[in-house]
Amino acid sequence: SPRLHVGSGAVEGAMQADAKIRTESATESGPRGPSCSLRHFACEQNLLSRPDGSASFLQGDTSVLAGVYGPAEVKVSKEIFNKATLEVILRPKIGLPGVAEKSRERLIRNTCEAVVLGTLHPRTSITVVLQVVSDAGSLLACCLNAACMALVDAGVPMRALFCGVTCALNADGTLVLDPTAKQEKEARAVLTLALDSVERKLLMSTTKGLYSDAELQQCLAAAQAASQHVFRFYRESLQRRYSKS
Amino acid sequence: MAAGFKTVEPLEYYRRFLKENCHPDGRELGEFRTTTVNIGSISTADGSALVKLGNTTVICGIKAEFAAPPTDAPDKGYVVPNVDLPPLCSLRFRSGPPREEAQVASQFIADVIENSQIIQKEDLCISPGKLSWVLYCDIICLDYDGNILDACTFALLAALENVQLPEVTINEETGLAEVNLKKKSYLNIRTHPVATSFAVFDDTLLIVDPTGEEEHLATGTLTVVMDEEGKLCCLHKPGGSGLTGAKLQDCMSRAVTRHKEVKKMMDEVIKSMKPK
């Protein structure tokens with residue numbers, strides 16, 4: 001069932017730029033049509049003082065905090081002569097990072113590498129640090145969105161924006177976008193797809209469970225439609241932030 | 001002269017071949033390297049398989065041990081995969097804790113086992129709540145020349161087909177397990193997932209079964225794991241250039257043909273294995 005958001009608009013109090021050294025901008029998603037069933041999402045940028053860019057992305061009850069340092073000094077062993085070295089660190093909410101986190105870091109890093117214009121900053125490092133604040137389903141997609149917003153906040157040159165969308169396929173074949181943790185557990189298959197903003201091509205995909213080829217195409221089409229809402233939200237969020245300052 | 005050109009401009013060197021729709025080694029773009037499989041080579045393991053995909057060599061050994069079943073699933077056993085990329089296989093791996101590449105491959109194999117339901121974990125249970133089998137699957141790469149995921153999946157599948165578990169009975173009086181080594185049975189393999197890897201060049205061209213050098217030059221990779229009914233267990237695309245739906249469709253059809261090739265090889269292997 002479609003979940004409509006409640007409320008919209010930037011946090012007015014934080015926009016008094018002269019009173020604060022750092023401006024914080026938080027936006028919440030505007031009204032969406034009945035065909036889109038993404039949960040309510042919200043984003044806040046520039047909330048941390050030390051990283052060059054930071055963002056907090058909220059999707060329903062799932063929340064991820066991202067910080068970007070870069071372009072900065074790189075260790076000689078890791079430097080690439082003609083590109084920036086991208087590094088992603090993902091910290092789970094509880095426990096030490098394990099093999100699953102390493103796998104997710106690799107997915108997020110390769111997605112960022114595909115869009116970041118690394119050749120403009122050779123022999124530097126760009127580090128994206130993600131901290132899971134709460135996990136209520138669609139975690140990887142939320143991490144991708146937070147990473148993208150943080151990279152934009154840091155001013156890292158990119159050739160496109162990207163967003164993450166999660167699709168869950170139930171046993172009867174119905175498709176649910178942006179599932180909650182309970183829906184993910186009950187689903188037959190869960191697909192997380194990352195799409196770019198220019199041509200809506202598939203940048204990254206990781207899946208769990210069994211599904212057919214036709215269902216994959218169906219999920220891809222649904223994700224492409226849903227990504228429009230996410231990209232429009234990015235655009236509105238940035239427009240609001242830069243229009244008042 | 002060609003060797004000099006290859007060192008200085010490796011990408012241009014490859015592009016010349018790709019324009020002619022072939023690899024430097026003469027393969028077509030949609031052709032896999034010669035695949036060979038050898039099972040039962042490790043006598044101390046309960047099941048083993050050696051897979052060679054061109055130069056890439058991967059060996060999988062499976063040991064079965066006893067363990068208490070997990071508390072949240074007392075009627076299930078465990079399958080624990082581990083992929084090891086030792087310094088032996090390639091210059092880029094040094095000794096020490098597992099590198100990211102090995103961890104990603106281990107996670108991939110664990111996902112394939114979980115998603116495809118290759119064996120029912122309930123089959124590994126001996127006595128619910130008390131005793132179950134745990135299968136330690138160690139996959140070691142002996143020679144790294146690209147396309148490690150396909151080789152590991154195939155090695156795992158072949159080794160699991162080869163595993164023979166002895167019959168275990170629980171003695172009611174003592175409560176201890178009695179293993180009958182004379183009576184062994186094969187595992188019930190329900191599906192046969194086969195992985196097909198592609199490399200994306202210059203955002204447009206898709207080639208199948210990339211070698212080590214090609215993987216390094218590629219702008220993206222994609223691995224599709226398919227079982228015999230055409231169902232996808234895993235679509236692993238870790239970033240890289242974007243792909244449209246149509247290109248994905250081409251990859252699926254290639255994965256289907258690859259599955260048939262591998263299945264034929266597996267059937268021959270199984271036939272040779274079973275006692276006459």
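Two residues are in contact here when they have heavy atoms within 4.5 Å of each other. By that rule, 28 residues of chain A are in contact with 26 residues of chain B. The structure is a predicted model, in which local features need pLDDT of at least 70 and side-chain atom pairs count only at pLDDT 80 or more, while totals for chains, interfaces and linings use all residues. Residues are numbered from 1 along each chain as its sequence is written, chains are lettered from A in the order in which they are written, and side-chain values use heavy atoms, with hydrogens and water left out.

Chain A has four helices and eleven strands; these are DSSP runs numbered from the N terminus, helices being H or I with at least four residues and strands E with at least two. Of its 245 residues, 53% count as buried, that is, under 20% relative accessible area, with exposed meaning over 50% and partly exposed in between (1.4 Å probe, protein chains only).

The two chains bury about 2600 Å² between them, 53% of it on carbon and sulfur atoms; this is the accessible area (1.4 Å probe) that the two parts lose on being put together, summed over both. Arg106(A), Leu202(A) and Leu210(A) supply 22% of the area that chain A buries against chain B, more than any other three residues.

Arg106(A) also forms a salt bridge with Glu100(B), with the closest N and O atoms 2.7 Å apart. A salt bridge is a side-chain nitrogen of Lys or Arg within 4 Å of a carboxyl oxygen of Asp or Glu. The count between chain A and chain B is three salt bridges. A network of salt bridges links Arg106(A), Arg109(A), Glu113(A), Glu100(B) and Glu101(B).

Ser212(A) stands opposite Lys231(B) in β12(B).

Other salt bridges lie within chain A. Asp178(A) forms one with Arg39(A), the closest N and O atoms being 3.2 Å apart. Asp178(A) lies in the loop between β8 (175-177) and α3 (181-186) of chain A and Arg39(A) in the loop between β1 (25-28) and β2 (41-45), so the pair ties together parts that are 139 residues apart in sequence. Both Asp178(A) and Arg39(A) are buried. Glu87(A) and Lys78(A) also meet in a salt bridge (3.7 Å, N to O); Glu87(A) is partly exposed at 31% relative accessible area, and Lys78(A) is partly exposed at 40%.

Definitions and conventions
Pairing = 2+ DSSP bridges.
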